[in-house]
Amino acid sequence: CFILLERHGNREILLKRRAEILHALCSSGSGEHLEGVVDMLLAQGELGWEDYQNVLVPGRALYSNARQLLDLVYTKGADSCGLFFSAVKQYVQQRQESGSSLEQKKQVLTKELPVQIMTHSYQQYKTYWGLLCLTFCLLYPSFPLEFVKYQKKLRISVSAQSRFLSTYGGTSHMPLDDIYTEVQLELPNNSAEIYKSMGFEDIVGPVGTVNEDADTVLVSGEAGSGKSTWLQKLHLLWAQGSTLQDFLLLFPFSCRRLNSEHKDLSVQELLFQHCCWPDREQEEIFQFILDHPHLVLFTFDGLDELKQSFVDEHRICCPNQRAPVHVLLFNLIQGSLMKGVRKVVTSRPEAVAPALKKHLHKEVHLKGFSPSGIDCFVRKHHSDPNEAAMVLESLQANTALLGLCHSPVLCWIVSQCHKELLGCGEGSPQTVTDVYLMILQHFFQRHSTFKLSIGVSWLQQNLGTVLHLGQLAFEGISNFSYIFSVADLEIYGVTESDICMGFLIQSKNMSPAHSKYYEFLHVTMQCFFAAIYVILSSNTGRSAIPKLFELQDMKKNSAGCACFGACLHSSNTQKILEEHSTTAETPNLQITATFVSGLLSQRYQKLWLHCSSSVLVGKKARQAARCLSKGMQQHFRSIPQPVQGEKKSMHAMPEFVWLIKCIYEMQESRIAKDAMSKLEVDHLKLTYCNIGPVECTALAYVLKHLKYPVGLQLDNNSVGDVGVEQLLPCMQICNSL
């Protein structure tokens, strides 16, 4: 009945079938069905905590509580009715899955308990949860009976949050299982045979362990490499009972959301307020967690997005002591708090300081898609096999674009823009900037309600939206903000029509109980809009671009986002920058600078016509070119003199690779020639620089202009076959590879 209703999902059917729905929810005499559906609606954000308390009133008749829920859903409108039916369907499916695996779970449990006890318990309890409750009571005498109910509620909550793809705008209703594609996981300094088959169990297992006493596993990867989606898949598999079942409880945290928590919290408050609130016996459940830490898993997504950099100073050992959230997080990671609880943390590599690495149980590198992964993702994204085949054929014909697609976020953009891609012929995208401009144009054309006027470009037609979103993105990065309230949007002139373009999505990391919050569909999209604002806005100072490219000096001075402070004429912004100084923001500034380089390319000069002063844009382009040349010279001057009898070598830092990527984005061979004419070494070491196929394309573009042959060392990177192919243009200048 519920599955049939879900297909229609409107208010009229809710009224017509009200009696049947009430009977299905309440006829068992237990509030279990009603509570399960309400838990799902709460986890999905359709109900706020106040709604939850108004529906499930202790002591009130079960049918009255159910009627209150139906009245509330009906009042909220047709969309809420549809979500209600969807939650019921999901609950029914989970009950069916639980029932189908009951016999299997009984056999597993029988191996661990006396046969006579299991036989008696199976007759007494007709559900898996009954068996689980009795088993826990036997294994753990201190185990509270309310724990089973809480674990069930937590699983439902985690499942509801993970069932649909949460990254990339416009895909919120795409089941994760339908689109998820395996990514490459690497253990540092290990052979390919070990890490190719790494699964979720291996992440917390013994493989690759470097510190037996530590509890934290770090999964690091570049922006857009698929960290959040990978972690979401881990959550879903745990909630479904498919993996990591040694952990009875899993508490997922978003560092982006934790940034918005300004109160001091204890560990108990952090767990229950930010993940799942126990209905009863909170103290007993938390004590069980303290007594059995090895049965608990914490995950923290996006450590690099935390406002504060990791420090190993303020130690806290008492789980009941209140402290700022970032202090709690740092003590959890280093093991001062909740020792024995396994923690899985995702981050970009630049945010992982040596002070953090000494507290790691192991580190795993996430490297995006393999070539077969690209093929799999594209075929999953396109339901039409012929369409998928055409997209893959286009990628194979453009190896530079194929290299870009090793990044899942870029592969998603290319798949979204398949019509534009198939229609551009020889002018298909070559750089990351090309790809993001393609998705920008795609979104505007898809949501536009009017035809372009003759002689007016698509950018000029949507200039207001671009500037509104650009300033929001720009100010957000400068203030370490990735989640925006409605008031923030109003300050920067972002309208409802701007939101409808699809670049902003409603944040799932914030409770919608009081107001809506928004975020860009990906952090790289926020960087892209910030870069456009730097170019088009006349409000940025003369030093904006030079400061943006002085990141290596900024990192040494721990000046955080001071480079953006040069663009703003607000003392309040400067104050914020001083209060929240962090090197974790450097990657986002580097991404922004890379986009600035690409957007200032000669290829796009016509794009800015009628959108900004050509004189101003030209001046900014010359500034960027000078900054890139200056940055390269600084690296060259740091090369030590060779020991007598040895060849002169240069060990490049990641910033060197970033500058080369900026030069490639500009597509200015003159800058590449000028930079390489001053590099005189016999051996160029680029080890541990996070080099993949994308970076290989940029390296070949620049290194082919070297005056003298070099030996090129690329050990401990992720070059791959596609990367080697991208290096072919510079092979004639390489003595060895």
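Leaving aside its neighbours within four places in sequence, which residues is Thr 216 in contact with? They are Leu 332, Ile 333, Lys 343, Val 345, His 359, Leu 360, His 361 and Lys 362, where contact means heavy atoms within 4.5 Å. Thr 216 lies in strand β2 (residues 216–220); helices (H or I, at least four residues) and strands (E, at least two) are DSSP runs, numbered from the N terminus. The C-alpha atoms of Thr 216 and Glu 363 are separated by 8.7 Å, although the two residues are 147 residues apart along the chain.

The model is predicted, so local features need pLDDT of at least 70 and side-chain atom pairs count only at pLDDT 80 or more, while totals for chains, interfaces and linings use all residues. Residues are numbered from 1 along each chain as its sequence is written, and side-chain values use heavy atoms, with hydrogens and water left out.

**The whole protein**

The secondary structure comprises 41 helices and 13 strands. Of the 737 residues, 56% count as buried, a term that means under 20% relative accessible area, with exposed meaning over 50% and partly exposed in between (1.4 Å probe, protein chains only). Among contacts with a separation of 6 or more, 74% are accounted for by residues 24 or more positions apart.

| Residue | Element | Relative accessibility |
|---|---|---|
| Thr 216 | strand β2 (residues 216–220) | 1% |
| His 442 | helix α26 (residues 432–447) | 12% |
| Cys 662 | helix α38 (residues 654–666) | 0% |

Not counting residues up to four places away in sequence, His 442 touches Gln 416, Cys 417 and Glu 420.

**Nonpolar cores**

A nonpolar core is a set of buried Ala, Val, Leu, Ile, Met, Phe, Trp, Tyr and Cys residues joined through side-chain atoms within 4.5 Å. The largest has 196 residues, and Trp 230, Phe 251, Leu 395, Phe 549 and Leu 686 have the most contacts inside it. Helix α31 (residues 523–536) gives the largest share of this core, eleven residues. A second, separate core of 26 residues includes Leu 41, Ala 66, Leu 70 and Phe 85.

Beyond its neighbours within four places in sequence, Phe 549 is in contact with Ala 593, Ser 597, Ala 624, Cys 627, Leu 628, Trp 658 and Cys 662. With neighbours within four places likewise left aside, the contacts of Cys 662 are Phe 549, Ala 593, Thr 594, Ser 597 and Leu 628. Cys 662 and Leu 628 are 34 residues apart in sequence and 7.7 Å apart in space, C-alpha to C-alpha.

**Two helix pairs**

Axes are lines fitted to C-alpha atoms, for helices over the stretch in contact, and angles run from 0 to 180 degrees between N-to-C directions. Helix α21 (residues 371–381) and helix α22 (residues 385–396) pack at an angle of about 145°, with axes 9 Å apart. Ile 374, Asp 375, Val 378 and Arg 379 of α21 meet Ala 388, Val 391, Leu 392 and Leu 395 of α22.

The axes of helix α4 (residues 32–43) and helix α11 (residues 146–162) come within 8 Å and cross at roughly 40°. The contact is made by Glu 32, Glu 35, Gly 36, Asp 39, Met 40 and Ala 43 of α4 and Lys 149, Lys 152, Lys 153, Ile 156, Ser 157, Ala 160 and Gln 161 of α11.
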